[in-house]
Amino acid sequence: MVVTQLNLEFRFQGQKLRGFSCELTRSPHGVSLETPLSTTCQVTVPILLSGLGMMAAGLVMNAVQHWPVFLEVKDLLTLVPPLVGLKGNLEMTLASRLSTAANTGQIDSPRERHRVISSNLALVQLQATVVGLLAAVAALLLGAVTREEVAVAQVALLCASSVITAFLAAFALGVLMACIVIGARRLGVNPDNIATPIAASLGDLITLSILAVVSSFFYKHTDSWLLAPLVCLGFVALTPLWVVLAKRNPPIARVLKFGWVPIILAMVISSFGGLILSRTLSEQQYRGMAVLTPVICGVGGNLVAIQSSRISTYLHVRSTPGVLPLPMKGSCPRPWATFCSPEINSTSARVLLLLVVPGHLLFFYVIRLVEGPAVASSRTFVLLYLLAGLVQVVVLLYLAEVAVRLTWHRGLDPDNHCIPYLTGLGDLLGTGLLALCFLADWSLAGGAAPGGGSAWTPGPP
């Protein structure tokens, strides 16, 4: 599809028009029209792949929660949602920016591609270092509410583990995102549909694995009290290099200057989800919470990131910042219009919503096969779990529509400002609703352990 864009600039002195300029551009790199079937086909496979990654992350989480370092340093569990949420704060935001750049033809030139990708990766490394350190501080502050004192060695371990985990995970996933977006562009597939789910498919697993290995390493070397602080300072010392590389691209330089509030607030929101997780894992009525948390948080985060990225690309192609196109007249749509109108973004919202129940059933079935009775499986719990997943995604998809419109109406880029908030809220909603599911199932079963009622396992698909 060829996109023709007319940009008009009027110059006023007082109330009199003193001049104007006009620029007409035609680009062969527009977004191809998609049918609901093509959108479903492109989204389903990445979502299933991301589900496998989330299930693997849940199994890893269920195993490492019993490691000595996690039993000794309780604040590590509070770190899990904000660090895992970095895929939403950083990698999914990166994927959204690169997808928009690909769909608007900005990375078709090899020279421009190198400049755009290198500056984006440098920005992500800088953000990962800063947010990783702030996540550790937030975990310590939240943990200090229920403790009288904190050991200095644990503070150093927590900060070093958080910074290294965020840095290494961001680098690995950032390079992967760049390769996926370039490959999707060459294959004629819309990167908006596949980049963010694939970021999530490995993001949870990579982040949890790195956190477990790194924290265990520092835990075994607690006698070397200078090791963790020096390593942490070494990664922080690289930040000037990332600043220089990021400033080579003017749009990224603006993100570098003004894009900190969304990712920091999203990290704070995810930290409250981590507080819920750390307070529930040791309780019998929340048996299976560790393995299901990455799944419910990941599914909601993946779907809302896809929708946010698609709406952002739609606006970049059909309008200019500050001006909403005619099909999106109001900056705050009614909830029914988000899911029931014939508009293209409403169609994609319906497609994504229809994937929630089958996806959760499939993921729950596989987890149940692997973990057996360690996961609650009563009919009541499964129904509550599916209801929680639906409520989470409905709320997130509506908030995505509102957030992207408001951000665009204010002249800001939704790729940089919306996904962090939405995935952070997805983590908090997912963890909170899942805890309520376990609590309600335990209460309805008369105070027995969840899943103590009639066991139910879905049949093979």
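Student: How many helices and strands does the secondary structure of the chain come to?

Tutor: The model is a predicted one, in which local features need pLDDT of at least 70 and side-chain atom pairs count only at pLDDT 80 or more, while totals for chains, interfaces and linings use all residues. Residues are numbered from 1 along each chain as its sequence is written, and side-chain values use heavy atoms, with hydrogens and water left out. Helices (H or I, at least four residues) and strands (E, at least two) are DSSP runs numbered from the N terminus, and by this reading the chain has 18 helices and two strands.

Student: Is Trp 242 buried or exposed?

Tutor: Trp 242 belongs to helix H9, residues 239-246. Contact means heavy atoms within 4.5 Å, and, not counting residues up to four places away in sequence, Trp 242 touches Ala 122, Gln 125, Leu 126 and Phe 167. Because its relative accessibility is 14%, Trp 242 counts as buried.

Student: What separation lies between the C-alpha atoms of Trp 242 and Ser 118?

Tutor: Along the chain, Trp 242 and Ser 118 are 124 residues apart.

Student: How many residues of the lining of the second largest pocket are nonpolar, polar and charged?

Tutor: A pocket, on a 1 Å grid over the protein atoms alone, is an open set of points where a 1.4 Å probe fits, with protein on both sides within 12 Å along at least five of seven lines, and lining residues have an atom within 4 Å of a point. The second largest pocket is lined by 21 residues, with Gln 65, Lys 74, Leu 77, Leu 281 and Ser 282 nearest its centre. Ala, Val, Leu, Ile, Met, Phe, Trp, Tyr, Cys and Pro count as nonpolar, Asp, Glu, Lys and Arg as charged, and the others, Gly among them, as polar. On that basis the lining divides into eight nonpolar, eight polar and five charged residues.

Technical notes: Buried < 20%, exposed > 50% of the residue type's maximum accessible area, 1.4 Å probe, protein only.
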